[in-house]
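Here are a few notes to read alongside the model, for anyone opening it for the first time. Take them in order and keep the structure on screen.

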Amino acid sequence: MGNLLSAAGSSASPGAQTGLHLQMATGENVLVAVLVDLDNQLRFASQQLVLTPSRLVFRGAVEQVWPLVPGLAIRSFDHAGVGSLELHDARGRLAVWRFTLDQQPQALKLARLLEQQVARLAGGQSAASLPEPAVDEGQEDIDTEATEPPPSTWVLLRLWRFARPYKKELGAGLALTLASTAASMVPPYLTIPLMDDVLIPYQNGQAISASLVGWLLGGLLASSVAAWALGWAKTWLLAVVSERIGADLRTATFDHLLGLSLDYFGGKRTGDLMSRIGSETDRICVFLSLHALDFATDVLMILMTAAILFSINPWLALVTLLPLPFIAWMIHLVRDRLRTGFEKVDRVWGEVTNVLADTIPGIRVVKAFAQERREAQRFREANEHNLAVNDRINKVWSLFSPTVTLLTEIGLLVVWAFGIWLVSRNQITVGVLTAFIAYIGRFYTRLDAMSRIVSVTQKAAAGAKRIFDILDHVSDVPEPAQPVAIDAPQGRIEMRNIGFRYGNRSVIRGLDLEIRPGEMIGLVGHSGSGKSTLVNLICRFYDVTDGAIVVDGSDIRRFRVADYRRHIGLVLQEPFLFFGTIAENIAYGKPDATREEIIAAARAAHAHEFILRLPHGYDSLVGERGQGLSGGERQRISIARALLIDPRILILDEATSSVDTETEKEIQKALDNLVQGRTTIAIAHRLSTLRRADRLVVMDRGEVVEVGPHDELMAKQGAYWRLYEAQARQVDTDEEDSTSQTSGTVAIATSQAVHTAHRTGTP
């Protein structure tokens, strides 16, 4: 008998490491293991479902085993974030297990493999003779972060797409780099005649030629001034170009980000995206303006120096190049470590910015719950993690850089020794050796600088990869290849057998609904029934996975996204206002609106009066996310914003659920103005607010279960009647509780008054 670890090899999910063990028969293998992390009461549990070629085993409080026989099958379901597996045979259901949707990929894999094994058994093969099923591509449960290859330095070449518009400037910069490098190579070469034709002959008793010295010193000065002027010109030109490349990269990334669907943002942290567009593009810009230029200069300097050295003395030049293989080997050794490390540094820095992005906008909640210390501790932990990752990188880099310096110093020592030996054999002159040493000093300095640029290059490559991760992402809501114009829509909306899934969770199933132009529809149902999802699909924040949504006879996927959404007004439960003036927020959907149009929209939204009470009226600044305004005031500005664009289709998503009754009345007056003549789809928590709707659509588990006016649905006493009655009973209960609390308060106050009067003798 063998012992099966709960990991079950690579087939088990990471979450399946539960410590459960299963005794295995000799030669028995695990095909898949699923962590069943919910019990029958939907409480978290540590249980496991294991499939082998011959049996299905459940490991929990009690172990259960089902041999694989023909007719055995598993069915998979999911609803409201909970997945289910049901085991059936020909007689009926044998067992049911529930789990969180993190385990859904493994659960689907188990159902598929069990079906394959049972089919093979039904075909007459023995369990022992069955080959182990191949795992379908994309179904392995892998740690993408751990297995993702490190970013290649070649990703930097993709920046040429942004550099192409500046190719003339780059060509001029390259020419200036070549000229300035050539000018800087002149002074060491002039030391040869200065030593051999001036200084050494003078030591031997010959007179110094003033004209020769003048020409040589003049050449040294001219070459130095030329190198300075050319160096300044190339640095300024390439710095200007790199800044523009960086600006174009930021703009292109942000433009592409805005074009992605909401599904992309649902899986990303705000701080991480801000870090990519901000610090990563800055890092690439610095690399292009400084380090890439230095690298090009270093390469040219090394090539020119090597050519001059070989022209002077090939044997001495070969000795000079001795450290190169060792330095190249070291660069290759640490390059991948640095590249992977710097990408991890970027991710960890994203964690730091995520804490800031969470805490600063939510500072009111932080202070309300007195969680300052907790948030400070979160930031401290993220910062310490960032420090630890940087320390590991610095440990590698701190060893690499001094080692390169040591190798170049040893190389210089070898050149000195070999040069002195050649001078002693009269094969070279002292001037040649002096020039050699001067060139070698520059050669090794540039070599050392090139080795140091490895760190900067890997940082830039890691940053470029994170930028191109955004640019390479294709929107789940693509633009049509041949768009259809939508100039003046009537507002007829048809949903034809639509379906939609969030990942592995089915949210909308086989939904059919037709909304007439100018009709007001109320969407009702329990939380999680799919109301908000349906609204998101109509707005085309997501695309349906099945069926089609048709507006005025055309599939909405045939319209340009911006053109289509221009005819949709959206009023959300939590209105979002941008930092700026009241007028700018109202005119957000129509930036060219006149002040008269803005005031007219505010009047219709019943916002004009409170706006005039603000210190600067329509020019009053609104804080970030509408700070300084009440919830009702923010909502009325949101309604004015929707009114200003004059939409043909209007979406009201719980527009009055988070305000008091008095404010709700004001908002309801504004909404009455807003819905006139428009196709309106309203979601409301209070069913009484939807009585004015032409029809009510009752949803349950992603399906439409009832459609009709309020009175008709109440007469049916179906799903809507049950919802309405349950809410009415809740209102009555709340009123009774409020009355009893008020009565209790009055009784207590009366008792206290009597007691005080009795004690003081007051009648």
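1. A quick definition before we start: two strands count as paired if DSSP finds at least two bridges between them. With that in hand, look at β20 and strand β21 (residues 703-708), which pair in the antiparallel sense over five bridges. In this pairing, Asp 700 sits opposite Glu 703 of β21. Do bear in mind that this is a predicted model.

2. Stay with those two strands for a moment. β20 and β21 make a hairpin, with two residues between them. Check Arg 701 in the turn: its phi is positive, at about 55°.

3. Now the other partner of β20. Strand β12 (residues 520-525) is joined to β20 by five bridges, and this time the strands run parallel. Gly 525 stands opposite Met 699 in β20.

4. Is strand β20 buried or exposed? Five of the six residues in β20 (residues 695-700) are buried, so the strand is largely enclosed by the rest of the structure.

5. Over to the helices. Two packed helices are described by the angle between their axes and the distance between the axes. For helix α4 (residues 167-184) and helix α5 (residues 186-203), the angle is about 25° and the axes are 5 Å apart. Angles under 35 degrees count as roughly parallel, so that is the label for α4 and α5.

6. Which residues make the contact between α4 and α5? On the α4 side they are Ala 182, Ala 183 and Ser 184, and on the α5 side Val 186, Pro 187 and Pro 188. Sorted by type, the contact has five nonpolar residues, one polar and no charged.

7. Salt bridges next: the whole structure has 16 of them. One is between the side chains of Glu 86 and Arg 93, at 3.3 Å from N to O. Glu 86 is buried at 16% relative accessible area, while Arg 93 is exposed at 51%.

8. Asp 89 and Arg 91 form another salt bridge, with their closest N and O atoms 3.1 Å apart. Here Asp 89 is buried, with a relative accessible area of 18%, and Arg 91 is exposed, at 78%.

9. Last, have a look at Glu 597 and Lys 590, whose side chains meet in a salt bridge of 3.2 Å, N to O. Glu 597 is partly exposed at 31% relative accessibility, and Lys 590 is partly exposed at 27%.

Conventions: Residues numbered from 1 in each chain as written. Predicted model: local features only at pLDDT ≥ 70, side-chain atom pairs only at ≥ 80, totals over all residues. Heavy atoms only, no water. Axes fitted to C-alpha atoms, helices over the stretch in contact; angles between N-to-C directions. Helix = DSSP H or I, 4+ residues; strand = E, 2+ residues; numbered from the N terminus. Parallel < 35°, antiparallel > 145°, perpendicular 65-115°, else oblique. Contact = heavy atoms within 4.5 Å. Nonpolar A, V, L, I, M, F, W, Y, C, P; charged D, E, K, R; others polar. Buried < 20%, exposed > 50% of the residue type's maximum accessible area, 1.4 Å probe, protein only. Salt bridge = Lys/Arg side-chain N within 4 Å of Asp/Glu carboxyl O.
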